[in-house]
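This report goes through the inner spaces and the packing of one protein model.

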Amino acid sequence: MTQAEIRKIIGTYYEAGSELEHVLIVHSEQVAQLSVEVCARLKKRGVTVDEEFVWESAMLHDIGIICVDAPGIHCHGTEPYIRHGVLGREMLDTLGLPRHALVCERHTGSGLTCEDIVSRGLPLPHRDLVPVSTEERVVCYADKFFSKSHLGESARSVERVRAQMAAFGEASLARFDKLHAEFGE
């Protein structure tokens, strides 16, 4: 997919030039850039990864934010923020992009297990929403370093990301630490 094709997909749901479109694109470009850097590190280690798919997925991973209620980042939908991944999956499935859709669904936090969802009473499907493929894990990992509410800031430190993951429990932190061991420098 080209950059123009990605923009066309985004334009299916987002008003061109809107603040929300800007938030989505800037954040996604940051995540995509780090994702591509991670892919380069993996290639040097002899790991096969679909870089084009990773870039495309990073650009589309948060497409579902348009449906959520998060005024601080210009989202004026009705759904809870935690649902943006599953909503993004539905959107991309509708467009015939099932692999990209799974990245949307599985990137939240360091992934969410069915046990996490049930025990915390999250308004999500009762199934594991944890990144499975290398490409899914790369986007999930890269996403943790950039905030949509502090748009354009440089990447967060690993220590800061770890602290944020720890706030959601030991299992969340352990999943992030595993991603970092796999993809960090």
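## The second largest cavity

By class, the residues around the second largest cavity are 5 nonpolar, 2 polar and 1 charged. They are Ile-82, Gly-85, Val-86, Glu-105, Thr-108, Leu-112, Leu-124 and Leu-129. The space inside the second largest cavity is about 30 Å³. The model is predicted, not determined by experiment.

## The largest cavity

In total, 2 cavities of 30 Å³ or more are counted. The largest of them holds about 60 Å³. Its lining consists of Gln-30, Phe-145, Phe-146, Ser-147, His-150, Glu-153, Ser-154, Arg-156 and Arg-160. Sorted by class, this lining has 2 nonpolar, 4 polar and 3 charged residues.

## The largest pocket

The largest pocket contains about 560 Å³ of space. It is lined by 24 residues, of which Tyr-81, Gly-109, Lys-144, Met-165 and Phe-168 are the closest to the pocket centre. The class counts for the lining of the largest pocket are 8 nonpolar, 10 polar and 6 charged.

## The nonpolar cores

The largest nonpolar core has 46 residues, and the members that touch the most others are Leu-60, Ile-63 and Leu-92. At least two residues of this core come from each of α1 (3-13), α2 (19-44), α3 (51-60), α4 (84-94), α5 (98-106), α7 (134-143), α8 (158-166) and α9 (170-183). The largest share is that of α2, with 10 residues.

Which residues does Leu-92 touch, leaving aside those up to four places away in sequence? They are Ile-9, Leu-60, Ile-63, Leu-97, His-100, Ala-101 and Cys-104. Another core, of 6 residues, lies apart from the largest one and includes Leu-112, Ile-117, Leu-122 and Leu-124.

## Helix α4

Which residues of α4 are buried? The list is His-84, Gly-85, Val-86, Leu-87, Gly-88, Met-91 and Leu-92. These buried residues pack against α1, α3 and α5.

Just after α4 comes Gly-96, where phi is positive, at about 75°.

How values were computed:
Residues are numbered from 1 along each chain as its sequence is written. This is a predicted model: local features need pLDDT of at least 70, side-chain atom pairs count only at pLDDT 80 or more; totals for chains, interfaces and linings use all residues. Side-chain values use heavy atoms; hydrogens and water are left out. On a 1 Å grid over the protein atoms alone, a cavity is a set of points where a 1.4 Å probe fits but cannot get out, and a pocket is an open set with protein on both sides within 12 Å along at least five of seven lines; lining residues have an atom within 4 Å of a point. Grid points are joined across faces, edges and corners, and a volume is the space filled by probe spheres set on the points. Ala, Val, Leu, Ile, Met, Phe, Trp, Tyr, Cys and Pro count as nonpolar, Asp, Glu, Lys and Arg as charged, and the others, Gly among them, as polar. A nonpolar core is a set of buried Ala, Val, Leu, Ile, Met, Phe, Trp, Tyr and Cys residues joined through side-chain atoms within 4.5 Å. Buried means under 20% relative accessible area, exposed over 50%, partly exposed in between (1.4 Å probe, protein chains only). Helices (H or I, at least four residues) and strands (E, at least two) are DSSP runs, numbered from the N terminus. Contact means heavy atoms within 4.5 Å.
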